[in-house]
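Q: Hi! I have a new protein open on my screen and would like to walk through it with you. Can we start with the basic words?

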Amino acid sequence: MRSAARPRHYVARHWILILRPILRYSATRDAYVLRLIGKSRGPVLRVNRRRRRSQPSFAGPDRRGAGMA
């Protein structure tokens, strides 16, 4: 038995739809896993809902916007 959780891999929604026949949704993981062996092996896939940033939203070396003390 694994002591560490398997890492989640974020994929585009269309890949989930294409791979739907071999994947099932696991509510406990909130992700898709392989049918039959997904409980212990194989990838753990999630739909990529993260947004791409075309340009950083910070100016200067300090990203938090806090001034130098």
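A: Happy to! Helices (H or I, at least four residues) and strands (E, at least two) are DSSP runs, numbered from the N terminus. Ser 26, for instance, lies in strand 2, which covers residues 23-26.

Q: Before we go on, what sort of model is this, and how are residues numbered?
A: This is a predicted model, where local features need pLDDT of at least 70, side-chain atom pairs count only at pLDDT 80 or more, and totals for chains, interfaces and linings use all residues. Residues are numbered from 1 along each chain as its sequence is written, and side-chain values use heavy atoms, with hydrogens and water left out.

Q: What does Ser 26 touch?
A: Contact means heavy atoms within 4.5 Å. Leaving aside neighbours within four places in sequence, Ser 26 is in contact with Ala 31 and Val 33.

Q: And where is Ala 31?
A: Ala 31 is in strand 3. Ala 31 counts as buried because its relative accessibility is 1%. Not counting residues up to four places away in sequence, Ala 31 touches Arg 24, Tyr 25, Ser 26, Val 44, Leu 45 and Arg 46.

Q: Switching topic: how many salt bridges are there?
A: The count comes to one salt bridge, meaning a side-chain nitrogen of Lys or Arg within 4 Å of a carboxyl oxygen of Asp or Glu. Asp 30 forms a salt bridge with Arg 46, and their closest N and O atoms are 2.9 Å apart.

Q: Which parts does that pair tie together?
A: Asp 30 lies in the loop between strand 2 and strand 3 (31-34) and Arg 46 in strand 4 (residues 44-47), so the pair ties together parts that are 16 residues apart in sequence. Asp 30 is partly exposed because its relative accessible area is 38%. Arg 46 also counts as partly exposed, at 25% relative accessibility.

Q: What about the backbone at Asp 30?
A: Phi of Asp 30 is near 55°, a positive value in a residue other than glycine. Leu 36 also has a positive phi, of about 70°, although it is not a glycine. Leu 36 is found in the loop between strand 3 and strand 4, and at 88% relative accessibility Leu 36 counts as exposed.

Q: Now Arg 6. Where is it, and what is its nearest side chain of opposite charge?
A: Arg 6 is in the segment before strand 1 (8-11). Arg 6 is buried yet has no salt bridge, and the nearest side chain of opposite charge, Asp 30, is 14 Å away. For charges, Lys and Arg count as positive and Asp and Glu as negative, while His and the chain ends are not counted.

Q: So what lies around Arg 6?
A: A polar atom of the Arg 6 side chain lies 2.7 Å from the backbone oxygen of Gly 42. Beyond neighbours within four places in sequence, the contacts of Arg 6 include Arg 29, Gly 38 and Val 44.

Q: And Tyr 10: what does it contact?
A: Tyr 10 lies in strand 1. Leaving aside neighbours within four places in sequence, Tyr 10 is in contact with Arg 46, Val 47, Asn 48 and Arg 50. The C-alpha atoms of Tyr 10 and Leu 45 are 5.9 Å apart, and these two are 35 residues apart along the chain.

Q: Last one: which residues form the nonpolar patch on the surface?
A: Trp 15, Ile 18, Leu 19 and Ile 22 form that patch, with about 390 Å² of accessible area together. Patches are made of residues with over 30% relative accessible area and no salt bridge, joining like charges within 9 Å and nonpolar side chains (Val, Leu, Ile, Met, Phe, Trp, Tyr) within 5 Å. Accessible areas come from the Shrake-Rupley method with a 1.4 Å probe, and for residues only the protein chains shown count as cover. Trp 15 is in helix 1 (residues 13-18), and Trp 15 counts as partly exposed because its relative accessibility is 45%.

Note on methods
Buried < 20%, exposed > 50% of the residue type's maximum accessible area, 1.4 Å probe, protein only. Polar contact = N/O pair within 3.5 Å; in protein donor to acceptor, adjacent residues only side chain to side chain.
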